[in-house]
Every structure is written in C-alpha cells, then in structure tokens.
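User: Could you take a close look at one part of this model with me? I would like a connected walk through it.

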Amino acid sequence: MTKAQPIDLSIIDAEDIKKVQEKKKRLDRVMQVIHESGLDQNKEFMDEINVLVQALLEEK
C-alpha cells in the first residue's frame, strides 16, 4: 500500500482559485433559491439537480 502524498497547492494558480470560489457562490445561491421555493422537498427534482450540480463541479 502506498502512503498518501500531500497535495501541492502551489500548482493551483490564483485565477483557478477565483473561478472555483465564483462557482461555489453561484451554486450556493441556486441552492438557496431551490430551498426558498420548497423544491428541495421534491425528491425527483433534487435527483436531477444533483446530477447537474455534480457536472458543474467537475467542469473546469
């Protein structure tokens, strides 16, 4: 078994960090609107949204 290597954050530049932070802000706002609208109680809707959210998070 190999020992886990520490993550070298120096390979991530400030622009990438800013993009991730902006994406997180937008996602938080969308989730807030979903909650305020009561759509978070709809399992089918949330299943579809979770797939889209995951795709957004994986997108570079």
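User: Is Val-20 buried or exposed, and what is its relative accessible area? Please take me through the helix around it as well.

Analyst: Happy to! Keep in mind that this is a predicted model. Val-20 has a relative accessible area of 56%, so it counts as exposed, the cut-off being over 50%. Val-20 belongs to helix 1, which covers residues 14-36. Across the fold, Val-20 and Leu-57 are 37 residues apart in sequence, yet their C-alpha atoms are 8.6 Å apart in space.

Further along helix 1 comes Val-30, which is partly exposed at 43% relative accessible area.

Lys-19 forms a salt bridge with Glu-15, with 3.7 Å between the closest N and O atoms. These two are four residues apart in helix 1, so about one helical turn separates them. Glu-15 is exposed, at 51% relative accessibility. Lys-24 and Asp-28 also meet in a salt bridge, at 2.8 Å from N to O, and they too are four residues apart in helix 1, about one turn. Both partners are partly exposed, Lys-24 at 46% and Asp-28 at 39%. In general, side chains of opposite charge can pair when their charged atoms come close.

To set this in context, the chain has two helices and zero strands, and buried residues make up 10% of its 60 residues. The structure holds four salt bridges, including the two described here.

How values were computed. Residues numbered from 1 in each chain as written. Predicted model: local features only at pLDDT ≥ 70, side-chain atom pairs only at ≥ 80, totals over all residues. Heavy atoms only, no water. Buried < 20%, exposed > 50% of the residue type's maximum accessible area, 1.4 Å probe, protein only. Salt bridge = Lys/Arg side-chain N within 4 Å of Asp/Glu carboxyl O.
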